[in-house]
Number of protein chains: 2
Amino acid sequence: MANPPDRSFSDPDEEIMHATYRALREHGYADLTIKRIAEEYGKSTAAVHYHYDTKDDLLAAFLDFVLEQFVDTIHEVERTDPEQRLTLLLDQLLVEVEEHQDLLVAILEMRSQAPYKEAFADRFEQNDEYVQYMLRTVIDDGISQGVFADVDAEHTAAALMTIVDGARTRAVVLDDADALATARQTAEEYVQSVLLPEE
Amino acid sequence: MANPPDRSFSDPDEEIMHATYRALREHGYADLTIKRIAEEYGKSTAAVHYHYDTKDDLLAAFLDFVLEQFVDTIHEVERTDPEQRLTLLLDQLLVEVEEHQDLLVAILEMRSQAPYKEAFADRFEQNDEYVQYMLRTVIDDGISQGVFADVDAEHTAAALMTIVDGARTRAVVLDDADALATARQTAEEYVQSVLLPEE
């Protein structure tokens, strides 16, 4: 099987990243300025600009920071049997994020800018490729161990990511606290009927 | 009640809506200005402001315009048998939109602003409620006619909308031409296994 997609990124200054997170939570993406990030950072705007030339550079680094932390939690999922492992992955994608509604709001704003900002688009694409790779791997394992039906693993992974992205969009746009739970149940029904149809 | 004004010939509102659509396609939501809309309209900014006080008022009206047109296409779906009708609804939601990638880009930007702009949030909520109502109705019809399994129609409609919203987000963020087709297939698999499990 192919290696996972390369996800080596720049090494962001962690303090500035945390300051950016606080500034985003307080002001939202559209009203975010280097000045507001510097205020949270407790230093001058020059101190922020020393690390990042532009706000977009800083936000691209922030996306690296957030998505890499997310990838770490995905990576921590223990290699148990394929069915359990898929359950844990879907929990990470759809249950754990529930505590981070502020971040989902900011990330949807950045996602909506992907058609205009290549640096954002690149990061969302790499992250999606990585998560799909993780899903495909566990599905392929399940197929070769005979516990999953012989499905098209690539389509099945994309289908699950469609449910995940729908939930995240709906949680923000409709301010719907149930959107993630509805999607978790939908993903479960999909897995039960497509991957485990004989149960 | 008074009759509605005759809108059969060159309604200025409709002309402004078409001008807004062209300006959105050209400049995107973030760089959209009343001046740019007025240029597409072929009149002064004052002529636009005569109809709409602010850009947000105009964009809220634009969302009404777009979502109402969309609702019309949904409404046109003929009342055939429930299974066919559900197929046609899902085609409207996931296949017909394929031609309107520019509009999906602009709408995702407006969706991402829903947490900050109540007028946008209201419109997206109303539209979602309407489409879910259409889905629930056809599912309930199918259950009472004995052609669909006795599912929770509310959850099933929300599950299908999660797939629809995931597809629309992915088509924009990942610039993925296959996102809609993948979601259409996922929705079909979901319908086949959850609503028609005995086939």
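What follows is a set of questions and answers on a predicted model. Local features need pLDDT of at least 70, side-chain atom pairs count only at pLDDT 80 or more, and totals for chains, interfaces and linings use all residues. Residues are numbered from 1 along each chain as its sequence is written, chains are lettered from A in the order in which they are written, and side-chain values use heavy atoms, with hydrogens and water left out.

User: How many helices and strands are there in chain A?
Analyst: Helices here are DSSP runs (H or I, at least four residues), strands likewise (E, at least two), numbered from the N terminus. Read along the sequence, chain A goes α-α-α-α-α-α-α-α-α, and its C-alpha trace spans about 60 × 35 × 30 Å along the principal axes. The tally is nine helices and zero strands.

User: What percentage of the residues of chain A count as buried?
Analyst: Buried means under 20% relative accessible area, exposed over 50%, and partly exposed in between (1.4 Å probe, protein chains only). Chain A has 199 residues, and the buried share is 52%.

User: How many residues of α8(B) are buried?
Analyst: Helix α8 of chain B runs over residues 153–173 and reaches 30 Å from first C-alpha to last. That's close to the 30 Å expected at 1.5 Å a residue, the expected span being 1.5 Å times one less than the number of residues. The helix is mostly covered, and of its 21 residues the buried ones number 20.

User: Which residue's side-chain oxygen reaches the backbone nitrogen of E154(B)?
Analyst: Look at the start of α8(B), where the gap to that nitrogen is within 3.0 Å. The oxygen belongs to the side chain of D152(B).

User: Is D175(B) buried or exposed?
Analyst: D175(B) follows α8(B), in the loop between α8 and α9. Its phi is positive, about 45°, although it is not a glycine. Most residues other than glycine have a negative phi. With a relative accessible area of 60%, D175(B) is exposed.

User: What is the phi of D175(A)?
Analyst: D175(A) sits in the loop between α8 (153–173) and α9 (179–195) of chain A. Its relative accessibility is 60%, so D175(A) counts as exposed. Its phi is positive, about 45°.

User: How far apart are the C-alpha atoms of A183(B) and L94(B)?
Analyst: A183(B) is in helix α9 of chain B and is buried, with a relative accessible area of 0%. L94(B) is 89 residues away along the chain, yet the C-alpha separation is 7.3 Å.

User: Which elements give two or more residues to the lining of the second largest cavity?
Analyst: A cavity is a set of points on a 1 Å grid over the protein atoms alone where a 1.4 Å probe fits but cannot get out, and lining residues have an atom within 4 Å of a point. The second largest cavity has a volume of about 50 Å³, and its lining includes E83(B), L86(B), R184(B) and E188(B). The elements are α5 (82–94) and α9 (179–195) of chain B.

Methods
A polar contact is a pair of N or O atoms within 3.5 Å; within protein, one must be able to donate a hydrogen and the other to accept it, and residues adjacent in sequence count only if both atoms are side-chain atoms. On a 1 Å grid over the protein atoms alone, a cavity is a set of points where a 1.4 Å probe fits but cannot get out, and a pocket is an open set with protein on both sides within 12 Å along at least five of seven lines; lining residues have an atom within 4 Å of a point. Grid points are joined across faces, edges and corners, and a volume is the space filled by probe spheres set on the points.
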